Every structure is written in C-alpha cells, then in structure tokens.
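Me: I would like to go through this model with you, one topic at a time. Please keep the answers plain.
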Amino acid sequence: MDNSEVLVAIGILFLAGLLLDKIGRIVHVPRVTLLILLGAIIGPPVMDLLPHSFNESNEFYAPTALTMVAFLLGGTLNPDTLKTHGREIMIISLTLVAVSVVIVATGLWLIGLPVGIAILLGGLSAATDPAATHDVVTQTGAKGRFATNLLGIVAIDDAWGLLAFSMALTFAGILMDQDAAMALAHGAREVGGAVLLGLAIGLPAAYLTGRIKPGEPILIEAIGLVFLCSGLALHFGFSFLLTGMVCGTTIVNLARHHERPFYEIERIEWPFMLLFFVMAGASLKTGNLAEIGYICAAYCVLRALARLVGGWAGGRLAGLPQLESRMTGLGLMPQAGVAIGMALVASERFPEIGEDLLGVAVASTIAFEIIGPFLTQIALRRTSAD
C-alpha cells in the first residue's frame with residue numbers, strides 16, 4: 001500500500017510540475033519557487049497530503065538530483081571557461097564565502113547569540129544553491145559572462161562552503177570544550193574524501209565513456225556515473241555534491257573525444273529536481289519557529305546583506321563592471337539544501353543546540369529558496385538588458 005501511494009504521489013507531482021512550469025513561464029515566476037510553495041502547501045506545513053512513506057524516498061532522489069546538478073555544474077568548468085573566466089570565478093567565490101561567514105557570525109554574536117552558535121550559522125550561510133541557480137539560468141535562457149560566472153561560482157562555492165563550515169565546526173568545538181582535532185579531522189575527511197572519490201571515478205570515466213556512441217556518453221553511462229558518485233559518497237560519508245562536481249570537472253577537462261559529455265544527464269535531471277524542490281518545501285517544520293523566529297529573521301537579513309556586499313566586493317576585485325558587481329550577490333541569493341545537511345552534521349556534534357540550529361537552517365533555506373530564484377531572475381535580466 002505504501003509503495004502504491006508513493007507512486008501515485010510521484011505521478012501527480014510530475015503532472016503538477018508540468019502545469020507549474022507553464023504557469024511560471026506565463027507569469028514570469030521561477031518554477032523552483034512554485035514547486036517549493038507546492039511542497040509547503042501539500043506537505044506537513046499546511047495540508048499534510050503527502051504519504052508519510054514519501055519522505056523516506058527523499059533519501060534516494062535528493063542526493064541523486066543534487067549529484068546530477070553537481071555533474072552539470074562541474075561540466076561548466078571546462079578549459080575555455082576556466083581560461084576566460086577562471087580568475088573571476090575564483091576571486092568572487094572566495095570573497096563571497098569569506099564575507100558571508102564574517103558578516104553573519106559577527107552580526108548574530110552582536111545581537112546576543114553565543115559565539116559558538118553564531119560561528120556555526122556563519123558557516124551555514126556560505127552555502128549557495130547550485131540546483132536553483134542552474135534551473136533559473138536554464139529557464140531564462142541567459143547567456144554571456146554574467147550567467148557563466150554565476151554557474152561557475154555555484155559550481156565551486158560548495159567546496160569553499162564545506163571548507164568554511166569545517167573550520168566553523170572546529171572553532172565551535174574549541175569554544176564548547178569539545179575535541180577540536182576530531183572536528184578538524186571530520187571536515188578534512190568529508191572534503192578530501194570527496195575530491196579523491198570524484199577523481200577516482202572521473203579519471204577512468206573520462207577515457208571509457210563515450211566509446212559506445214562516439215562523441216557522447218549513452219544514458220546508461222550517465223546514470224551509472226551519477227548513482228556511483230552519490231552512492232559511494234553517501235556510503236563513506238563524503239560530500240556527494242563535491243564528489244559529483246569533481247567528477248564532472250575531471251571528465252569535461254580530460255575527455256577530448258567527448259562532444260557533449262553531459263547531454264544525457266541534462267535530459268533526465270528534471271524529474272529528480274522536481275521531487276527535490278517539492279520535498280524542500282514539505283520539510284519545513286513549524287514546531288519551534290516561534291521560539292527561534294528572531295534568530296531566523298536576523299540570519300536571513302544578515303545573509304542577504306552578506307551576499308550583496310560579498311558579491312559587490314568580489315566583482316570589483318575581479319574587475320567586473322559596476323552593474324555586474326552589484327548584481328552578483330543578488331544572483332547568488334538562493335540557499336541550498338546542503339545547508340540543512342551541514343546543520344544535521346552540527347546537530348549531531350552539538351546535540352544541545354541541534355534542534356534550534358536545524359530549525360534556523362530549514363526555515364531560512366525555505367525562505368531563500370522561495371525568494372532567491374526571483375532575485376536571480378532579476379539579476380540575469382538586468383545584466384542581459386544592459
């Protein structure tokens with residue numbers, strides 16, 4: 001019975017996704033935003049119509065969807081892009097992460113939060129949303145330097161974000177009298193393991209894929225790589241986002257016989273993405289929001305400010321025009337579900353603050369996922385119209 005309910009729910013959501021995509025194009029609203037709102041309405045936050053076993057399925061398709069996105073974003077870091085825009089992408093992404101952590105952590109500490117919690121939330125703020133950003137760029141059909149930079153930044157942002165969060169865990173562990181060496185080792189293992197795993201899969205895949213059908217991998221090859229990356233990363237406790245990104249970057253830079261190495265992934269990613277965004281909306285828990293409401297509000301305001309300041313500063317350091325510098329932070333406003341994953345790791349390490357930390361991460365992610373794609377869309381249109 002549970003399986004039948006899940007299948008019916010998935011079928012209805014796929015059809016609803018088609019309708020929302022059409023509506024979004026008519027009213028110029030990002031479909032990501034509409035799907036998250038749909039999840040919140042039909043999920044536990046409002047009507048609670050989704051089968052309870054549907055939530056368990058999220059453990060399968062959420063990592064799969066995000067690994068697909070990571071592959072595609074890794075594929076944007078090809079030799080031509082790195083040669084033309086690599087300097088800009090690196091400068092902006094590093095500046096954005098550093099500014100986000102400093103402004104959010106300092107601001108939360110100044111309003112009275114314990115310094116350990118403030119640092120952890122500062123680490124969370126560095127996470128962007130590759131899935132939403134990529135989808136908005138695709139939906140708008142934006143081209144050019146600004147769109148390329150956005151995709152390149154979100155492709156590498158999670159790597160810097162994970163490093164920043166690992167450092168935040170270490171500092172928080174020291175401040176809360178926990179084992180700093182253990183915190184540092186955990187972060188190094190998650191990031192370093194993901195890089196090694198991505199290389200271990202990507203290096204042979206760069207040579208072996210695209211041989212059956214010359215020029216591009218076939219569907220089975222593409223799905224096999226995605227499942228292999230996400231499955232092994234989850235098994236070993238590595239970042240599946242970073243694993244997929246490293247694997248995708250390796251393939252696109254080394255597979256000289258490929259013409260379109262990620263074409264098949266582009267064809268099959270949307271059904272997984274649809275379910276992921278719906279479940280992001282359905283995952284909002286309202287139980288403790290009243291108690292932590294002021295923290296959520298302060299975090300959202302500070303993170304939005306940090307995005308704008310960091311994007312502008314990074315753009316100016318990279319030599320971008322004034323308009324593109326101002327719009328960079330606006331275009332990178334969405335916050336990823338990876339922030340929720342970071343909060344889960346932190347809540348396991350610090351159970352005494354785990355519930356509040358997770359509540360802030362979930363609520364702010366939903367808020368930025370609803371508002372963020374709008375702002376990304378505005379930024380893309382402003383820069384393309386200039």
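Me: What does S100 touch, leaving out residues up to four places away in sequence?
Reply: In this predicted model, S100 touches G122, S125, A126, A306 and R307, with residues up to four places away in sequence not counted.

Me: Which helix holds S100, and is S100 buried or exposed?
Reply: S100 belongs to helix α4, which covers residues 79–110. Its relative accessible area is 0%, so S100 is buried.

Me: And how far is S100 from L124, in sequence and in space?
Reply: The two are 24 residues apart in sequence, and their C-alpha atoms are 9.1 Å apart.

Me: Let us step back. How many helices and strands does the protein have?
Reply: There are 15 helices and 0 strands.

Me: What share of the residues counts as buried?
Reply: The protein has 386 residues, and 59% of them count as buried.

Me: Among contacts between residues at least 6 apart in sequence, what share joins residues at least 24 apart?
Reply: That share is 84%.

Me: Now electrostatics. How many salt bridges does a search of the whole structure find?
Reply: The search finds 1 salt bridge. It is formed by E324 with R145, and the closest N and O atoms are 3.2 Å apart.

Me: Which parts does that pair tie together?
Reply: E324 is in helix α13 (residues 322–331) and R145 is in helix α7 (residues 145–175), so the pair links parts that are 179 residues apart in sequence.

Me: Are the two partners buried or exposed?
Reply: E324 has a relative accessible area of 13%, and because the cut-off for buried is under 20%, E324 is buried. R145 has 30% relative accessibility and therefore counts as partly exposed.

Me: How many residues of α13 are buried?
Reply: 8 of the 10 residues of α13 are buried, so this helix is largely enclosed by the rest of the structure. The buried residues are L323, E324, S325, M327, T328, G329, L330 and G331.

Me: Take T328 from that helix. What does T328 touch?
Reply: Not counting residues up to four places away in sequence, T328 touches I92, F146, L150, I153, G311 and L320. T328 is in helix α13 and counts as buried, at 3% relative accessibility.

Me: Where is L357, then?
Reply: L357 lies in helix α15, residues 351–385. L357 is buried, with a relative accessible area of 2%.

Me: What is L357 in contact with, leaving aside neighbours within four places in sequence?
Reply: L357 is in contact with I117, L120, L121, A343 and A346. As for C296, this residue is 61 residues from L357 along the chain, and their C-alpha atoms are separated by 9.7 Å.

Me: On to helix packing. At what angle do α9 and α10 cross?
Reply: The axes of α9 (residues 219–236) and α10 (residues 240–254) cross at roughly 140° and come within 9 Å. That angle makes α9 oblique to α10, because only angles over 145 degrees count as roughly antiparallel. The crossing of α9 past α10 is right-handed.

Me: Which residues make the contact?
Reply: From α9 they are L225, C229, S230, A233 and L234, and from α10 they are F240, T243, C247 and I251. The residues of this contact comprise 7 nonpolar, 2 polar and no charged.

Me: How many residues of α6 are buried?
Reply: In α6 (residues 130–140), 9 of the 11 residues are buried, so α6 is largely enclosed by the rest of the structure. The buried ones are P130, A131, A132, T133, H134, D135, V136, V137 and Q139.

Me: What follows α6?
Reply: G141 follows, with a positive phi near 70°.

Me: Which residue has a positive phi although it is not a glycine?
Reply: D48 does, with a phi of about 55°. Most residues other than glycine have a negative phi.

Me: Where does D48 lie, and how accessible is D48?
Reply: D48 lies in the loop between α2 (31–42) and α3 (52–76). With 38% relative accessibility, D48 counts as partly exposed.

Technical notes
Residues numbered from 1 in each chain as written. Predicted model: local features only at pLDDT ≥ 70, side-chain atom pairs only at ≥ 80, totals over all residues. Heavy atoms only, no water. Axes fitted to C-alpha atoms, helices over the stretch in contact; angles between N-to-C directions. Helix = DSSP H or I, 4+ residues; strand = E, 2+ residues; numbered from the N terminus. Parallel < 35°, antiparallel > 145°, perpendicular 65-115°, else oblique. Left-handed = near helix turned anticlockwise from the far one by under 90°. Contact = heavy atoms within 4.5 Å. Nonpolar A, V, L, I, M, F, W, Y, C, P; charged D, E, K, R; others polar. Buried < 20%, exposed > 50% of the residue type's maximum accessible area, 1.4 Å probe, protein only. Salt bridge = Lys/Arg side-chain N within 4 Å of Asp/Glu carboxyl O.
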